[in-house]
Amino acid sequence: MYHKKPYGGESLSEWVHKLNDEHHTNPSGAQFGWKMSKYRPKPPEPTQKSLKVEIPKVKAYEATFEVKEKPMKLVEKLKQERQKYLEKILKMDDKIITPVGISEYQVNCLKAQRNAMMTVINVLDLRIADLED
């Protein structure tokens, strides 16, 4: 029965698909009984240009990064570290010279700490002199 083509030369399955498509499509172009809005136009059909995807170039992508600060040279970093230690030593010298509210033991500990920091400054001076040459 199904091998015959009784419906105008098309098979039964083709005839059923055609009948379903006609039934579910209304004149406005919407499918499955949905009405198209008369105020909103149909979306445009995709074209080859709209489907084309551009891959960003690596250099253009890297150009979007913000450079927060320039990389410092090692000598500049060492000089900044030396300056920080000098500022801390000056604060300790004030406490050692005028020990108000500090015990004798704490003053001796501050002197030992100051001597150790002076050793660090001397090592930093040696490193700076070596790198500048």
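**Helices H4 and H5**

In this predicted model, the buried residues of helix H4 are Val 75, Leu 78, Ile 89, Met 92, Asp 93 and Ile 96. They pack against helix H5, which covers residues 104–132. Helix H4 itself runs through residues 74–97, 24 residues in total, and spans 35 Å between its first and last C-alpha, close to the expected 34 Å.

The largest nonpolar core consists of 6 residues: Ile 89, Met 92, Ile 96, Leu 110, Met 117 and Ile 121. H4 and H5 are the elements that contribute two or more residues to this core. Met 117 illustrates the packing: beyond its neighbours within four places in sequence, Met 117 touches Tyr 85, Lys 88, Ile 89 and Met 92.

Charged side chains also deserve attention. The whole structure contains 3 salt bridges. In one of them, Glu 132 meets Lys 79 with an N to O distance of 2.9 Å; Glu 132 belongs to helix H5 and Lys 79 to helix H4, 53 residues apart. Another joins Arg 82 to Asp 125, with the closest N and O atoms 2.3 Å apart. Because Arg 82 lies in helix H4 and Asp 125 in helix H5, this pair ties together parts 43 residues apart in sequence.

A further salt bridge pairs Arg 114 with Asp 93 at 2.4 Å between the closest N and O atoms. Why does Asp 93 count as buried? Its relative accessibility is 18%, and buried means under 20%.

Terms used. Residues are numbered from 1 along each chain as its sequence is written. This is a predicted model: local features need pLDDT of at least 70, side-chain atom pairs count only at pLDDT 80 or more; totals for chains, interfaces and linings use all residues. Side-chain values use heavy atoms; hydrogens and water are left out. Helices (H or I, at least four residues) and strands (E, at least two) are DSSP runs, numbered from the N terminus. The expected span of a helix is 1.5 Å times one less than its number of residues. Buried means under 20% relative accessible area, exposed over 50%, partly exposed in between (1.4 Å probe, protein chains only). Contact means heavy atoms within 4.5 Å. A nonpolar core is a set of buried Ala, Val, Leu, Ile, Met, Phe, Trp, Tyr and Cys residues joined through side-chain atoms within 4.5 Å. A salt bridge is a side-chain nitrogen of Lys or Arg within 4 Å of a carboxyl oxygen of Asp or Glu.
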